[in-house]
Structure formats: C-alpha cells, structure tokens
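Please look through the model below before reading on; the paragraphs that follow take its chains, a sheet, a helix pair and an interface in turn.

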Amino acid sequence: MTRAMHQVLVVEDDAGIRDVLRVLLTAENYRVVEASMAQRAEIEARSHKPDLLIVDLGLPDGDGLEVIRRVRAWSPMPIIVLSARTLEPQKVAALDAGADDYVTKPFSSAELLARVRAALRRGVRSTEPDAVLRFGTNEISLARREARGRDGPIHLTPLEYRVLESLARHSGMIVRQDQLLREAWGPGKIGDTGSLRGCIKNLRDKLEADPHRPKHLVTEAGLGYRLRPSED
Amino acid sequence: MMVETRPDPDELLARVKAEEARARRGKLRIFFGATAGVGKTFGMLAAARAVRAAGTDVVIGYIEPHGRAETERLMESLERLPTLPIDYRGIVRHEFDLDAALARRPAILLVDELAHSNLLGGEPTPRHPKRWQDIEELLEAGINVWTTVNVQHLESLNDLVAQITGVKQRETVPDRIFDEADEVELIDLPPDDLLGRLKAGKVYLPEDVGRAVDRFFRLPNLIALRELALRRMTSRVEAAARVSLAGDVTSREWLARENLIVAIGPDAQAEQLVRAGKRMADALNADWMVVYVETPWLQRLSEKERDRRIDLLKLAESLGAETVTLSGPTAAAALVEYAQTRKATRVIVGAPKRRGVRALLRRSTATELTRLARGFDVVTIAAAEPRGAGAAPEAARGAVIDVAQPVHVRRYTWAVAVSFGCTVIAAVMYPFFELENLVMVYLLGVTVSGLRLGRRPSALTAVLNVVLFDFFFVPPRFRFAVSDVQYVVTFGVMLTVALVIANLVASVRQQTRVAGARERRTALLYAMSRELAGTRGSGSMARVAVKHVAEVFQCSVVVLFPGGDGRLRYPRGEAPSENAFRGADLAVAQWVMDHGRRAGLGSDTLPAAPALYLPLSTSTETVGVLAVLPNNPRRVLLPEQRHLLETFAGQLALALERARLAETAESARISAEAESVRNTLLASISHDLRTPLAVMAGAASTLAERGGALDAKTRLTLARSIETKAREMSELVSNVLDLMRLDSGQIVLRRDWQSLDDLVGAALHQHEAQLAAHPVEVRLPNDLPAVHVDPALVVQVFGNLFDNAAKYTPPGTRIYVSATPDGEFVRVMVDDDGPGLPPGDPALLFEKFRRGAPEGTVVGAGLGLAICRAIVLAHGGTITAQQRPTRGARFELTLPVTEPEA
C-alpha cells in the first residue's frame with residue numbers, strides 16, 4: 001500500500017464513541033489522536049498537524065463550531081463534523097463555520113469511512129492539475145474539458161464544466177448552493193437556485209445512468225450537492 | 001292554579017352583574033334640593049367634616065363658596081384639590097381638575113353642582129362637556145363622590161319646572177345618574193324659611209336665575225318645586241322598594257312588566273312626548289323606547305328639520321330610553337308591527353293635530369294607531385301650550401322653502417313641460433280621435449309626471465292638463481268657456497283621477513326610495529359580514545372593515561388594537577391605503593378603549609374632536625377602537641348613519657371575538673390532542689424501545705462472555721443483530737423527536753424552489769440500502785414546475801414512503817413514482833404493486849402509532865406516515881392513501897408550486 005499513514009484528530013467527549021472511532025480508524029490504518037475538550041482539541045491540532053479533523057459539536061467546555069472556526073483560521077485541513085444534531089440549520093451553521101462534511105450520529109462505520117477517504121483524497125486531489133472524474137462508464141477530464149462515455153464523446157457546456165470543477169474541488173463532500181453559484185456563475189448569481197437546479201439536471205441527464213436516481217451528483221436536501229465519483 | 005313564579009334567570013343575572021359593577025364602582029351620594037339656597041353645599045360639607053373626624057380621606061374636588069362665610073369656615077379644615085385654570089375666550093376661569101382628582105384618588109371626593117357644564121371652548125379643552133360625565137369617570141375609577149343638584153336640573157322634570165317657573169334651565173342631568181346614585185339625601189327647607197334667608201342675603205343666586213329672581217322665588221313656585229323634589233324623592237324610594245321586591249321569589253310583580261314605546265315625529269311636540277314617556281316609564285318602573293318612523297312623507301322634510309331627530313333621539317338616550325328608527329309606508333303600520341314584536345304594553349303618541357277637512361281626508365297617526373292596536377294601549381298626549389318654543393317650527397318651515405326651492409323650480413318647470421307635451425300630442429291626434437281619447441293622453445302625462453317628479457309637481461300637471469284641455473280642445477276652442485255642461489263632469493273626473501294617480505304613483509316612488517335605501521344599508525352590512533366571515537386574523541379583518549366603512553361613510557378609517565402593554569398603537573407594516581386615517585388621537589382612542597364608550601365627534605365625550613372613536617366591544621371586553629374621520633361630518637352624525645356605523649363596529653367586534661374564540665378552541669383542542677398523544681407515545685415507546693434493547697443486551701452479553709467459544713459466523717450474526725436493532729431504535733427515536741418538533745410548531749419551514757426530481761433522487765439515495773430489494777421506477781414529466789417547499793422535510797416524506805413500501809411489501813415488489821401538475825400544486829403518486837393497504841379506513845394509517853401490520857412483526861413503524869402528514873399539511877398540501885385499482889397501494893400527496901401569501 002502506497003498510502004502514507006494519515007493522521008486523524010478525533011474531538012469527542014464521549015469515551016464510548018472515541019473507543020469505537022479509534023478501533024475503526026486504526027483498523028483502516030490511520031493514526032488516531034484524541035481530544036475530549038474544545039481547548040485540548042486546538043492544542044492537539046497545532047502540535048500534531050493532523051491530516052483530518054473529526055469533531056463533535058457538543059463539547060463540555062465549548063461548542064465544536066468554535067473549534068472549527070479556530071482551526072479554519074490557520075489551516076485548510078479537511079474537517080468532518082460528527083454530531084447528534086440533525087436539524088438542517090445546525091448543519092448549515094457547521095458548514096458555514098468551515099466544516100467540509102457532516103455525519104450524523106448514530107453513524108454507520110462504512111459511511112464514516114467513505115467520508116474520511118473522500119476528505120483525505122480531496123486534500124491530495126486539489127493539488128493535482130489533471131483530475132479525471134469517473135462516473136460509472138463515463139470519464140471526464142476537467143483539465144482538457146473532455147468527457148467520454150461508452151458510446152463516444154459527451155458534450156458538456158463550459159458552465160457545466162465549471163460546476164463539475166467546483167464540485168470536484170470538494171469531491172465527496174457537501175458543496176453549498178451559494179458556493180457553487182459563486183464559483184461557477186460569479187457573485188452576481190447568488191440566490192438564483194433555479195439556474196443551478198437546471199444545470200444539475202442537465203448534468204445528470206448526460207452523465208448519470210438513471211437521472212432520476214443519481215448516484216454521483218447527489219442532492220443534500222437543503223444544504224447543497226455532493227459529488228461521488230466511482231471509487232477505484 | 002299553578003303559577004310560574006320563578007324569576008327570569010336573565011333578569012337575575014343582569015341584577016347580579018349590575019351589583020358586581022356597582023361594587024367595583026365608587027359610590028355616588030347626592031345632596032338634593034328643591035332650589036338654590038336650601039343649604040345643599042352646607043349640608044354636604046357638614047357631613048364631610050363628620051366623616052373626616054372619623055378618619056376618612058375626604059378631599060374637596062371643587063366647591064364654589066360664593067363668598068359665604070359659613071361655607072368658607074366649613075371648608076377650612078378639609079383638603080382641597082387645586083383648581084384648573086382654563087382660558088375661556090380671554091378670561092381665565094377656575095374649573096374642577098378631573099385628572100388631578102383621578103391622580104389623588106381620595107376615599108371621598110366632594111364636587112359641587114352636578115349639573116354644571118364644562119367650558120368646552122376653553123383651553124385646555126375639558127374631556128367631557130358635562131360635570132356629571134366627569135363624575136361618572138371618577139366613579140368608574142372607584143372613587144366615591146359626593147355632589148349636589150337641584151330638582152330643576154333633572155332632565156325629565158326640566159320642562160315641568162320651566163312651565164311652573166317660566167325659567168328654562170339649560171344645564172340638565174340625565175335621570176339615570178340620579179336614579180343610580182347609591183344615596184340621595186334630600187335637603188329640605190320650608191319655602192318661608194328660604195325666602196327669609198333670601199332676604200337676609202344668605203343665598204347666592206346663579207346668573208341665569210338672578211335676572212328672573214322675582215319671578216322665580218315666588219312662594220307658589222317654591223311650594224311647587226318643593227313638592228316636585230319630594231315627589232321625585234318618593235318615587236326613588238319606591239323604586240328601591242320595587243328592586244328588593246323583584247329579588248323576592250314570591251313576588252309576582254315582575255310578571256306584569258310594562259313596556260313603553262314613545263312614537264315621535266319631527267314636530268314640536270316630540271320633546272314633550274319624550275319627557276312624558278320618561279315620567280310614565282319611571283312611574284311604572286317600565287322599560288321604554290323612543291321610536292321615530294321614517295315614512296315616505298317624512299322623507300320629504302327639509303334636511304334641517306330631519307336633523308332635529310338627532311337631538312330628540314339623543315335626549316331620549318340620555319333619559320335612558322332605547323332609540324330606534326323604523327321605516328314603513330305609514331307610521332301607524334310600522335308602529336303596530338314593532339310594538340307587537342317588542343311586546344309593548346303601551347304606545348305613547350301625540351294627540352292628532354290636523355283639524356277640519358285635512359283631518360277628514362287623512363287619518364292622523366294617533367287615530368290610525370288606535371284603530372289598529374292589538375295587545376297594547378295607545379296613550380295620546382295633548383300638546384302643551386305653545387310657550388316660547390312656538391317659534392322653532394316656524395323657523396324650520398322657513399328652512400323647508402330655502403332648501404327645497406332650487407330643486408323644485410326645476411321640477412315644476414318639467415311638470416309644465418309635460419302638460420304642454422301632452423297638448424302637442426293631443427293636437428296631432430285631434431283631427432283623428434274623439435276627445436275622450438285625448439283625455440287619456442293627459443292622464444298618461446300625469447302618470448309620467450308622478451313617477452318622475454313627485455307629488456306636488458304632478459298635481460300641477462293634473463291641474464294644468466285640465467286647463468289646457470279645456471282651452472285647446474273643448475268647444476268652443478281657444479277659449480276657456482264651455483259650451484256643453486257635460487264637459488264640466490269630464491273636467492271633474494279628469495282632475496280627480498289625475499290627482500289620485502299622481503298621488504299614488506308619487507307614493508310608490510317614495511316608498512321604493514325608502515325601501516331602496518334600507519336595502520342598500522342591509523346589503524352593505526351583509527357585504528362586510530360576508531367578507532369578514534371569510535377572513536382570518538384580526539389584522540386582515542381590520543383591513544376588510546376599513547375598506548367597507550371608508551366606502552360606505554366616505555371617510556378615513558383606522559382600526560387600532562392594543563399592544564402587549566394594553567396601549568393602543570397604529571398598525572405597522574401595512575401597505576398604505578388611501579382610506580387609512582392617519583393622525584388619529586391615540587389619547588382619545590385609549591380613553592375609548594379603557595372605558596368602552598364612544599368619544600369624539602357628536603358623542604358625549606370630546607364632541608368637538610374632528611373624528612369619531614367607537615369601541616369594538618364584545619360581550620366580555622373591548623378589543624380595539626374604530627376611528628373614523630368623516631369627509632363630511634353630517635354623514636356620521638345623522639342618526640341612521642351613526643347607528644349603521646355602530647352596527648358596522650359591532651359586526652367587526654363580533655368577527656374579532658369569533659376569531660379569538662376560534663383560536664382558544666383550537667389551542668384547547670391541540671392541548672387535548674397533545675395529551676392523548678403523550679399517553680400513546682409512552683405506551684408505544686416502552687414496547688418499541690424495550691424489544692430492540694433486549695436483543696442488543698442479550699447479543700452483546702453473549703459476545704462478551706462466550707465470544708471465544710463461538711464460531712466466527714455466529715459472532716457475526718450476533719453483531720449484525722445488534723447493528724440492526726440499534727438502527728431501528730435510532731430511527732424510532734428520531735421519528736419521535738421529529739414528530740414532537742412538528743407538532744409543537746417548533747419547525748419553521750425553510751422553503752425554497754426545488755425540483756421534484758432532486759427531492760425524489762435525494763430520498764432514493766438516502767434509502768438505497770433499504771430499497772436494495774425493491775426496484776424503483778421514477779416517471780416524472782420533464783415540464784413539471786418547481787415546488788416551493790422545505791427540501792429536507794419533503795425528502796423525509798419521500799424517504800418514509802419508500803421505507804414503508806420496502807417494509808410492508810415482499811422483496812421484488814416494484815415501486816413507482818409519478819407526478820402531474822394540478823393547479824397551484826403538483827400531485828405526486830408513490831405506488832407499489834404489493835399486497836395493498838390493510839383493511840380499514842386508509843385515513844387512520846396517518847394517525848400516530850398505526851401500523852400496517854400487527855404489532856411486533858415490523859418494528860419502528862407507526863410514526864412514519866404521521867410525520868409525512870404533518871409535513872405535507874405544514875406545506876398546505878394533502879396526503880391520502882388508497883388501494884390501487886389493479887394491485888397494491890397508492891400514496892398521493894400534493895406540494896405547492898406557489899409561494900404562500902405572507
């Protein structure tokens with residue numbers, strides 16, 4: 001395995017969940033650093049410089065949101081929120097504070113691991129110039145602006161490429177609607193969710209096997225969209 | 001014979017309420033005398049000193065000492081409120097300060113001269129025109145008041161005193177104040193002693209009496225006034241006795257209750273009738289009402305004369321009568337009908353005034369009424385000797401001509417034109433027709449004239465027709481002479497028929513107009529009631545009322561509601577309407593709100609204000625104030641207009657009360673429902689949580705203790721069962737939490753435009769694992785409009801529906817999702833071709849803790865559909881379950897494609 005040992009910082013006050021996460025992540029060959037308090041979390045983050053932060057929102061000495069904001073102030077490291085807060089406004093608040101993804105408790109280990117992989121890949125991919133997305137049998141080269149399906153080339157508009165680029169930059173993670181609009185259309189279009197919906201629908205029609213049951217361009221209701229390219 | 005002697009419960013209730021109101025009110029004690037100078041003020045002060053000595057907090061609000069030493073001495077030891085300087089036409093007068101008294105709140109307040117009129121034109125403007133109104137407000141504020149009044153100031157005796165003494169008192173007090181006083185103390189001084197005091201200069205004489213002092217203070221006058229005062233006092237004592245009798249169950253007094261109706265017209269006798277009615281009602285202890293009948297004949301009176309009704313009806317109201325304006329073809333018919341519906345025992349009318357031929361031609365109201373009366377007596381009151389007041393009708397008559405002239409000249413011109421028109425037609429016909437047929441043309445002309453021009457102009461046409469007919473057609477032509485005597489008969493009949501036709505037709509026309517006006521009023525009221533009935537929320541109701549009132553009364557309107565602190569405030573955040581009344585006096589409105597009585601223009605309180613403020617009173621409280629600024633004050637001041645306006649206000653108040661009651665009932669229903677849900681919840685949770693917990697605990701402990709001894713496959717089975725049960729529990733818990741949040745209204749919809757594709761896709765993606773064994777076919781049309789919904793919640797609806805389909809149908813069952821636009825909604829169908837719905841009412845599936853399968857076989861259900869329903873209803877949509885015609889179940893829901901109105 002060529003993968004370097006990634007280091008994951010788990011900020012979680014419940015010892016039972018820390019145990020489960022440690023067993024799960026260690027078994028997947030990650031190194032795990034733990035913190036149970038908000039204050040401790042920042043010290044660990046600064047001293048260990050982990051590759052990924054998993055943070056609970058309800059901490060005994062403060063709010064996880066504060067941890068996210070403080071870390072985000074000095075580091076671009078991927079942050080996954082792991083919380084029992086399930087309401088949409090709470091998720092939005094966490095994403096706005098700088099989190100990249102949100103997993104609600106109770107979580108399934110398979111799902112959490114998939115998100116962790118996606119988050120770590122993003123850290124690598126974002127520097128890669130020649131990203132290639134795979135949607136089932138379709139392959140899209142963002143750098144060369146080329147898309148190929150089983151039956152030959154697929155035509156995508158420049159706008160659709162820009163939306164895909166924006167999603168690919170945060171591949172596997174939630175991208176807020178406003179962020180997509182800003183990155184693909186420019187600041188003038190913020191709030192125009194109709195254009196965005198239309199564009200996503202076109203992309204699904206062109207790239208998804210069943211546009212009604214998208215597997216790659218996934219809607220996160222009330223939050224935004226998530227790109228899930230086929231894993232190798 | 002059995003006689004029902006149980007008192008009327010309504011009456012008992014009314015008495016209990018009146019007593020309650022009285023207990024909260026301050027007590028009024030009146031020192032009552034026959035004339036000035038009997039020592040009322042002195043008596044009041046002496047009594048005040050006595051209670052002051054006993055330690056009671058007595059304060060002098062206002063007493064005019066008139067420089068009398070003995071009065072001054074009595075006042076010395078008592079606390080006095082400072083007087084309020086009022087600038088009245090350049091002169092500073094010192095008046096009673098109502099607000100200072102309200103602020104001081106003594107146990108007993110002395111205020112002299114109950115009948116005093118405040119200086120309305122002064123600066124600052126007093127709140128009420130009359131002192132008795134100030135005192136009413138003090139009493140309502142719970143302050144006990146002592147005051148003084150003379151018998152000649154009592155409203156109902158006012159005209160009698162004027163007849164006795166020849167001096168008319170302008171300052172009067174409604175009898176109600178006197179009758180409702182808690183204590184009346186008669187200060188009696190024999191006339192001889194009074195005259196002695198007068199000679200000794202011990203009596204201060206008010207200005208108006210001062211001039212007529214010789215006429216006023218004559219022994220016969222004083223004896224008569226003393227008798228009046230004593231009689232009034234006696235009747236008060238009798239009334240008190242009767243009240244206590246009414247409380248006695250064995251008394252049957254109340255069975256024979258009298259009910260008086262006083263019928264008035266616009267003539268000079270009306271005022272006398274009203275006062276006579278009051279005296280009779282008092283003597284009989286009866287309810288009484290004053291009725292004005294608007295007949296076609298009365299509609300032709302000048303506006304000025306009709307306006308006298310305002311004053312008459314106001315007078316009647318101030319004397320405690322209920323006032324009603326009726327309309328009908330004749331006064332007698334309307335009165336009989338009304339008297340019978342109100343079960344009147346006596347109807348009081350003025351004696352017939354027509355004499356001679358007119359009396360023969362038209363029966364007077366009194367005569368007609370006597371003829372028609374069934375079940376009530378008719379009392380006729382002879383006209384009082386015309387005394388000074390005789391000038392008023394003359395002046396009014398003058399006004400008729402003034403006002404009517406410009407209109408009538410044109411009508412009479414038309415009447416003449418009609419006659420000449422008929423003559424022209426007749427002239428054309430003359431060579432070919434007999435004279436009798438020409439008469440017909442003239443009769444037709446009279447009919448047209450009657451229809452269009454009214455009674456008198458058409459009478460002119462009738463007369464003119466005869467003249468023209470004679471001149472132009474009857475031989476010898478072009479002369480007024482008549483050759484054949486038989487034409488005289490023709491003229492006679494022609495004139496009579498023409499006049500009768502003119503009269504009848506004009507009458508019909510008038511009646512149509514009266515009926516039309518009444519119908520319009522009813523229609524207006526109905527229009528507003530109907531729109532109010534279809535309106536929810538007090539703000540919207542107020543807007544509806546403003547629109548209608550502004551339209552009907554040609555005025556600016558605003559409805560003011562109190563804020564949380566009980567202070568009235570202007571409605572905020574409303575689109576400015578052209579009819580909105582800006583600049584209403586909030587202080588006046590607040591007074592109306594607090595007292596539940598109208599104020600401003602034309603009312604008893606602040607009558608000089610430009611706007612009228614009406615309380616919106618329900619049976620229990622005042623919910624707001626309707627402020628009206630008329631473009632033309634007349635429109636609001638006419639009695640029928642004011643009654644109509646009050647009816648509008650009443651309708652609005654009723655509607656507001658209805659809205660409030662509905663809210664209360666709704667919240668009661670919700671809390672009852674919440675209670676039952678809580679109980680079901682507890683029962684269900686204890687089952688649905690314990691079962692998976694038992695599995696988990698068992699499996700986990702087996703793994704912990706025997707893990708080593710088990711083979712890998714068994715260990716995996718146990719671990720998987722823990723995982724499954726944990727997921728079920730988690731699902732149940734989040735369902736319970738969601739439902740509680742939805743039910744408690746904690747969830748605010750975060751609506752946005754969404755494509756149905758997206759929402760269904762997201763739900764399918766989330767439930768991929770559960771749907772592994774159930775192929776899903778999504779058939780959504782491409783041109784479906786975007787829906788305006790909260791995406792996360794609607795995804796949850798679809799997720800629950802998919803989940804249900806997966807749970808209650810065997811593996812391999814297909815699920816279909818389809819949709820069609822439907823007006824302001826999109827109709828979405830989630831179908832399956834499984835075994836279909838369980839037997840029973842499908843609507844019950846959406847109740848909490850309903851299961852498609854018997855308890856135990858499938859866990860974690862029971863809330864899913866209830867959540868779906870709560871979410872869809874919150875969006876204004878509907879959700880139903882039904883059996884598909886072929887096979888399987890269909891869940892159908894609607895989602896809005898429009899933004900909800902703010």
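**Reading the predicted model**

Of the 902 residues in chain B, 36% are buried, where a residue counts as buried if 20 or more other C-beta atoms, placed from the backbone, lie within 10 Å of its own. This is a predicted model, in which local features need pLDDT of at least 70 and side-chain atom pairs count only at pLDDT 80 or more, while totals for chains, interfaces and linings use all residues. Residues are numbered from 1 along each chain as its sequence is written, and chains are lettered from A and ligands numbered from 1 in the order in which they are written.

Among the contacts in chain B with a separation of 6 or more, 70% are between residues 24 or more positions apart; two residues are in contact if their C-beta atoms, placed from the backbone, lie within 7 Å.

One open sheet of chain B has five strands in the order 20-22-23-25-24, with mixed pairing, two strands being paired if DSSP finds at least two bridges between them. Its edges are strand 20 and strand 24 (879-883) of chain B, each of which pairs on one side only. Within chain B, strand 22 (residues 815-822) and strand 23 (residues 825-832) run antiparallel and are joined by eight bridges, and Ile815(B) has Asp832(B) in strand 23 as its bridge partner.

In chain A, helix 3 (residues 64-74) packs against helix 4 (residues 88-97) at an angle of about 20°, with the axes 8 Å apart; axes are lines fitted to C-alpha atoms over the stretch in contact, and angles run from 0 to 180 degrees between N-to-C directions. That makes helix 3 of chain A roughly parallel to helix 4 of chain A, a term for angles under 35 degrees. Here Leu65(A), Ile68(A) and Arg69(A) of helix 3 meet Ala93(A), Ala94(A) and Ala97(A) of helix 4.

Where the two chains touch, 23 residues come from chain B and 14 residues from chain A. On the side of chain B, the elements that each supply at least two residues are helix 26 (712-743), strand 19 (752-754), helix 27 (756-766), strand 20 (776-779) and helix 28 (791-808). Helix 27 of chain B gives the largest share of that side, eight residues.

Terms used:
Helix = DSSP H or I, 4+ residues; strand = E, 2+ residues; numbered from the N terminus. Parallel < 35°, antiparallel > 145°, perpendicular 65-115°, else oblique. Buried ≥ 20, exposed ≤ 12 C-beta atoms within 10 Å, placed from the backbone.
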